[in-house]
Amino acid sequence: MKRLVFALAWQGSAEPVGERFGELTTWLSAQTGFAITPRMSLSYVELERMVRTGQAHVAWLPPLVYLRLEREKQVAHLLKSERAGRASFHAAMIVRADSPIRSLEMLRGSRAAWVDRWSASGYVIPRATLAAKGFTPRDLFREERFYGSHEAVVGAVLSGRANIGGTYAQLTEQGRLLRGAWTPVRGGEAGIRVLMTVGAIPGDVVAAHASLEDTERATLTQALLAMPKDAHMGKIMRRIFGAEGFQDGPLTGYEVLRGAIEDDSP
């Protein structure tokens, strides 16, 4: 029996998903005939290294991590995640609802909360947007800290440990705010105000290590596509990944992020 490892980045301070992730890989094993083992990484950097070194054969990858590995021909994409019926999302800069900050100019001297150095919506895109508007983040902020997850960033803003946070948001086709990382957090809906959104950003990717054969990739792809159709597994999938489904076919929209990839690892 083919043995595979499915890797996922642990989201610090988020709801534990270990047991659910184990149930998900058990279901995938039954569907594919592979013996699939779950494995959590402690950061996006560690997740990238696990895939690069072949310790992980399948992985749920944030877009920037996927692009780094794809550039080096280490992975092949299987599917793109879909949230709220869309395969893209936006970056959001958030403040407390009662914050006096109403513009980017008012961020001077503030404390910023970010997710991870390789998080598109939780670090790279917000900072690149600030720089494009003439604000140098290292001069703008009094303090910048990484909190490890979108939920933790929301918590830092709500508690006052940070004045501004970078995270993700979903918008309708008309540009209306639908939901964000603060939506499931207690007090988030009433306690958070969105200062700015930027996007759209292409979504997360389920990718396979380049060592897997085409037939093995196809088997995994078909099983993953079937997952949202199972009511129970669809619920688990939403809890673990925050996604409702997948999109098959060629990847598009990732070109906007390629310029954000630095030559050296952070």
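Trainee: What makes the contact between Glu244 and Arg179 a salt bridge?

Mentor: In this predicted model, the side chains of Glu244 and Arg179 come to 3.0 Å, N to O. The cut-off for an Arg nitrogen and a Glu carboxyl oxygen is within 4 Å, so the pair qualifies as a salt bridge.

Trainee: Which parts of the chain does this pair link?

Mentor: Glu244 lies in the loop between helix H9 (231–241) and strand S12 (245–247), and Arg179 in strand S9 (residues 177–180). The two residues are 65 residues apart, and the pair links distant parts of the chain.

Trainee: Why is Glu244 called partly exposed?

Mentor: Its relative accessibility is 30%. Buried requires under 20% and exposed over 50%, so Glu244 falls in between. Arg179, with a relative accessible area of 29%, is partly exposed as well.

Trainee: What joins Glu48, Arg52 and Glu72 into one network?

Mentor: Salt bridges that share partners join these residues. For Glu72 and Arg52, the side chains meet at 2.0 Å, N to O. Glu72 is in the loop between helix H3 (63–71) and strand S4 (75–82), whereas Arg52 is in helix H2 (residues 44–52), so the pair ties together parts that are 20 residues apart in sequence. Glu72, at 35% relative accessibility, counts as partly exposed, and so does Arg52 at 28%.

Trainee: How do you know that Arg127 and Glu144 form a salt bridge?

Mentor: Their closest N and O atoms are 2.9 Å apart, and the requirement is within 4 Å, so the pair meets the definition. Arg127 belongs to helix H4 (residues 120–132) and Glu144 to strand S7 (residues 141–146), 17 residues apart. Glu144 is partly exposed, its relative accessible area being 30%. In total, the structure holds 7 salt bridges.

Trainee: How does the span of helix H8 compare with what is expected?

Mentor: Helix H8 (residues 214–226) has 13 residues and reaches 19 Å from its first C-alpha to its last. At 1.5 Å a residue, 18 Å is expected, and the span of H8 is close to that value.

Trainee: What puts the buried residues of H8 on the same side?

Mentor: The buried residues are Glu216, Arg217, Leu220, Thr221, Ala223 and Leu224. They cover an arc of only 165° around the axis, which puts them on the same side of H8. In general, an α-helix has 3.6 residues a turn, so residues three or four places apart point the same way.

Trainee: Which residues are exposed on the other side of H8?

Mentor: Asp214, Thr215 and Gln222 are exposed there.

Definitions and conventions:
Residues numbered from 1 in each chain as written. Predicted model: local features only at pLDDT ≥ 70, side-chain atom pairs only at ≥ 80, totals over all residues. Heavy atoms only, no water. Helix = DSSP H or I, 4+ residues; strand = E, 2+ residues; numbered from the N terminus. Buried < 20%, exposed > 50% of the residue type's maximum accessible area, 1.4 Å probe, protein only. Expected span 1.5 Å × (residues − 1). Arc of directions from axis to C-beta.
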